[in-house]
Amino acid sequence: MVARSSDRREQFVRLVERVGSSWPRTPAVDGTLRDACDRLDWPLAPQLVATSEAVGSGIVIVGTLTTVVAGTVALLPLAVVLGAGLPLAARNAPIAVAALSRTRAVGDAPALFGRLTLRLRVEPSLERAVAFAGRSGDGDLAASLREHARDARGTPGSGLASFAAFWGETAPEIERAAALVADAADAPADARERGCERALSAVRSGVEERAASFAGEIRAPLTGLYAFGVLLPLALVGVLPAARLAGVNVGLETLAVLYDLLLPAGLLVASGWLLARRPISFPPTEVDSDHPAVPDRRRSAAALGGLVAAVAGAGCLFVLPWAASVVAVGAGSGAALLWLFAPARELRQEVREVESGLPDALTLVGRRVADGTAAERALEETAAELHGDTGDLLADAAERGEQLGIPTEEAFFGRFGALRDVPSPRSRDAGRLFALAATEGAPAGDALVATGDHLRELRRVEREARRELATITGTLSNTAALFGPLVGGVSVAMVGRIPADAGAGGTLGGGGASSAAALAPASIGPVVGVYVLLLAAILTGLATALDRGIDRSLLGYRIGLALPTATAAYVAAVVAAGAVL
């Protein structure tokens, strides 16, 4: 999977270089854009901008020629917007993605400092603690710590100070926690224990403050997005009959471009802007498509989606014939997404069950190790005491270690390790800590107990942060799947109540006859239906990403639930309102 991704990236870079080199001018770019492209391993900034200008110019030319030949005026503004938007996106998207990458990376700070302070509790050596924390992590933050520690070799420092300075602008709590850790490393045993706890508290407090601040700051932008991207457009559909009576007619092409392209594009841009500011303190468990527990269902999902689309569309012909295509797309796409991402959802639920028992597992194992029990024996006893998936995981590791005669680290991470196929950073961190206890013995027991307490506090902070966003994300989800489609369906039904010959005079995007046809439910209904489906997908994706983070399988499954619900609500609203009005 990694190799295929690398090949696609190389092909993309070569394509950008080829197109950019053929553009007659070399665009001027600033240092921020250059740094962002370098950090993301994207094509060089001048080549990326040049390619966007070349493609944008081509779109404008094609749109102009199409307008001249076909006489379709609505396509020209669209071509101009796309042509100008590509260079603008090329200059801003890398910077936003790089900032999002840094924000996502600092989400691992609580786990990294948990490993750092645990090693420091076992042995008061800052250099070894930094090396352990960097070596035992898998994310970008741990890789950065390894790099800074490597650069500090042969110097009096450990690399922790330079690491904290590098990430301090993105997450100030990293600088505070690093200073407390460095101070604790030189302190006596009791003071070192208190210093480590203060460092962990500083990290947790920083996470909590940023989450609470984000929840407060996001309310106004989300209210604006909700008003101008959802309520106002849907209300305008209901206002169209009144505008027609006043002699202002809007053509179907104009409505289609506005509702099915420009408005969704604006919602996507606004959603990206909001997500770029989300403090990713609790990144979701990433489940790759090549995981052994995730079968390849792409073909069966496509087949199921096609079958559901055909059946749903055919059934709609007897209820609301003009909505058959909308129903087919909504129901078929939803069924395909649900079937495709159901295994990843089940695996993520299993991972969540395992993670929920980790604090207790660390505490129980730590207490036994502190009392002199061998780590292997402590794992076996804790597995018998704990219930659920966490106990099963510990029992599996203990059994493999005993039967195969391998050390604890191999029992968790080796070829037949219990955590080999568990896509959970927290579980893997716990496995590394158990392995450390197996090599260090009793001195690591109290450190494991403290780490368990740290995980409990993190879970509390995570619950409170999500509770802060629950009202906002709940409103978005309900609007996407239910309220928005209901309002859209009622608005379409209201349009059909105006006589076809009502209104005359000024037009916008078409003549009077074409405008009258455009305002018939059979014409405007599919346009609003597509907008409703796009609205369901975008708002559901935004609500899910704000609540749980950005993950392909998680977003796909939630959108798969929203699309059929929105489709059914839209059709039901049109039929019910048409019967009542």
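Analyst: Happy to. The second largest pocket holds about 1300 Å³ of space. Of its 49 lining residues, those closest to the centre are Asn92, Ala96, Val97, Gly272 and Ala276. A pocket here is an open set of points on a 1 Å grid over the protein atoms alone, where a 1.4 Å probe fits and protein lies on both sides within 12 Å along at least five of seven lines; lining residues have an atom within 4 Å of a point. Points are joined across faces, edges and corners, and the volume is the space filled by probe spheres set on them.

This is a predicted model, in which local features need pLDDT of at least 70 and side-chain atom pairs count only at pLDDT 80 or more, while totals for chains, interfaces and linings use all residues. Residues are numbered from 1 along each chain as its sequence is written, and side-chain values use heavy atoms, with hydrogens and water left out.

Two or more lining residues come from each of helix H1 (2–22), helix H2 (31–40), helix H3 (45–70), helix H4 (75–105), H10 and helix H12 (252–276). H4 contributes the most, with 18 residues. Helices are DSSP runs (H or I, at least four residues), numbered from the N terminus. By type, the lining has 32 nonpolar, 9 polar and 8 charged residues; Ala, Val, Leu, Ile, Met, Phe, Trp, Tyr, Cys and Pro count as nonpolar, Asp, Glu, Lys and Arg as charged, and the others, Gly among them, as polar.

In one of them, arginine 115 pairs with aspartate 429, with 3.0 Å between the closest N and O atoms. Because arginine 115 sits in helix H5 (residues 109–122) and aspartate 429 in helix H19 (residues 425–440), this pair ties together parts 314 residues apart in sequence. Both arginine 115 and aspartate 429 are buried (under 20% relative accessible area with a 1.4 Å probe, protein chains only; exposed is over 50%, partly exposed in between).

Aspartate 429 also forms a salt bridge with arginine 432 (3.4 Å, N to O), and arginine 432 is buried as well. These two are 3 residues apart in helix H19, so about one helical turn separates them.

Finally, a network of salt bridges links Arg368, Arg377, Glu380, Glu381 and Glu385.

How values were computed
A salt bridge is a side-chain nitrogen of Lys or Arg within 4 Å of a carboxyl oxygen of Asp or Glu.
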